[in-house]
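Subject: Structure handover

Hi,

Please load it before reading on.

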Amino acid sequence: MVTFDIKFVKGTFGFICKAAILMVFVFPFLWMISTSLQTFQETLTFPPTWIPAWPQWNNFVQAMQSGPFLTYARNSLVVTLSVIILQLVVMIPAAYAFAKYKFVGKELLFALVLLAFMIPGQVTFIPVYLMLADWGVINSLLPQIIPFMANAFGIFLLRQYFMQIPQEIIESGRLDNASELKIIWKIMIPMSMPALATIALFSFVSHWNDYFWPLVMTDSAQVRPLTMGIAMLRETEGISNWHIIMAGNVVLVVPILIVYLFTSRQIVKAFVYSGIK
C-alpha cells in the first residue's frame, strides 16, 4: 500500500511539472491565436479577453493586405529553401571527409569549423557586409543566402553520425565498385536521416524567423522576408493594432508548425529503420 502511494505521489508530481512546463510553452501561442481573432476594443480590455465574442477572421485579411505579403512570403520561402539545399550540398561531403578520411590538417580544419560554430553571426556581419557590398549584391536575396551556405553545427552533428556507421559497410560498397558519391547517397545519407532532419528543421526555423540579417542587408520591400513585413504591422498611425499584429504572427508561425510536424515524423521513422541506435 505504501509503495502504491509513493508511486501515485511521484506520478502526480511528475504530471503537474509536465503540465506546468507545457503551459509555459503553449501559453504564448494561445494568447497569440486568441488576440488574432479579437476586435481592437477586446485587445484593450482588462482583464484580458480569452474567448472573442465573435471571431474576427477579417484580421488575417487586413494583415495580408497591409503590404506586399505575397512578395514577403515568396522571399522567405526562396531564401529558406535555398539555404537548406546549399547547406546540405556543402555539409554532407564535408562531414563525410572529416568522419571517414585521413588527410593532412584534418584536426586543424575541424577546429576551425568548431570555431565558426562558436562565433555568433553578429560579430562577423560588418566584414561580411563589406565583402558583399564589394560584390554589388546588397539589397537582393543573395546576401541572405550566401553567408549561410556552410553550417558549422550541421557539419559537426553529421560528422558524429557518420562516425557511428561501421567502416566495413563502406568498404563493402567500395568492393562493389561503388563510387564515393554513390556511397554517400546510398549508405551515409539514409543511415543519417535523424541528423539531416534535425539540421533541416533547425535551419528552416532559424532562417524563416531571421530578422537581423535581412534588416542589415536590404532596404527594399521587393527583397525583404515575411518577418520584416510582420514587423511593419507594429505601428499604424501611432496605434498598436495588436489584433492585426497577432494575425500576422499566426501566418508567420503556421509554416514552422507544419514543417515541424512533418520533420518530427521523419526523425522517428529514421530512428526506427536506421541501423544507428
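This is a predicted model: local features need pLDDT of at least 70, side-chain atom pairs count only at pLDDT 80 or more; totals for chains, interfaces and linings use all residues.

Residues are numbered from 1 along each chain as its sequence is written, and side-chain values use heavy atoms, with hydrogens and water left out.

Overall fold

The chain has 13 helices and zero strands. Helices (H or I, at least four residues) and strands (E, at least two) are DSSP runs, numbered from the N terminus. The radius of gyration is 24 Å, well over the 19 Å that the globule rule gives for 277 residues, so the chain is more spread out than a compact globule. That radius is taken over C-alpha atoms, and the rule is 2.2 Å times the number of residues to the power 0.38. Along its principal axes, the C-alpha trace spans about 75 × 70 × 30 Å.

Pockets

The search uses a 1 Å grid over the protein atoms alone. A pocket is an open set of points with protein on both sides within 12 Å along at least five of seven lines; a cavity is a set where a 1.4 Å probe fits but cannot get out; lining residues have an atom within 4 Å of a point. Points are joined across faces, edges and corners, and a volume is the space filled by probe spheres set on them.

The largest pocket has a volume of about 890 Å³. It is lined by 29 residues, and A116, G121, P147, F148 and A150 are the closest to its centre. Two or more lining residues come from each of α5 (106-118), α6 (121-135), α7 (152-164), α10 and α11 (212-217). α6 gives the most, with six. By class, the lining has 20 nonpolar, eight polar and one charged residues. Here Ala, Val, Leu, Ile, Met, Phe, Trp, Tyr, Cys and Pro count as nonpolar, Asp, Glu, Lys and Arg as charged, and the others, Gly among them, as polar.

The second largest pocket has a volume of about 380 Å³. Of its 17 lining residues, I84, L88, M193, L196 and A200 are the closest to the centre. α10 supplies the largest share of this lining, six residues. The classes are 15 nonpolar, two polar and no charged.

Cavity

The whole structure holds one cavity of 30 Å³ or more. The largest cavity has a volume of about 80 Å³. Its lining includes N75, S76, F148, H207 and D210. α4 gives the most to this lining, with four residues.

Helix pairs

α4 (residues 69-100) and α10 (residues 193-208) pack at about 145°, with axes 9 Å apart. Axes are lines fitted to C-alpha atoms, for helices over the stretch in contact, and angles run from 0 to 180 degrees between N-to-C directions.

I169, I170, G173 and R174 in α8 meet E180, I183, I187, M188 and M191 in α9. That contact divides into six nonpolar, one polar and two charged residues.

Best wishes

Note on methods
Contact means heavy atoms within 4.5 Å.
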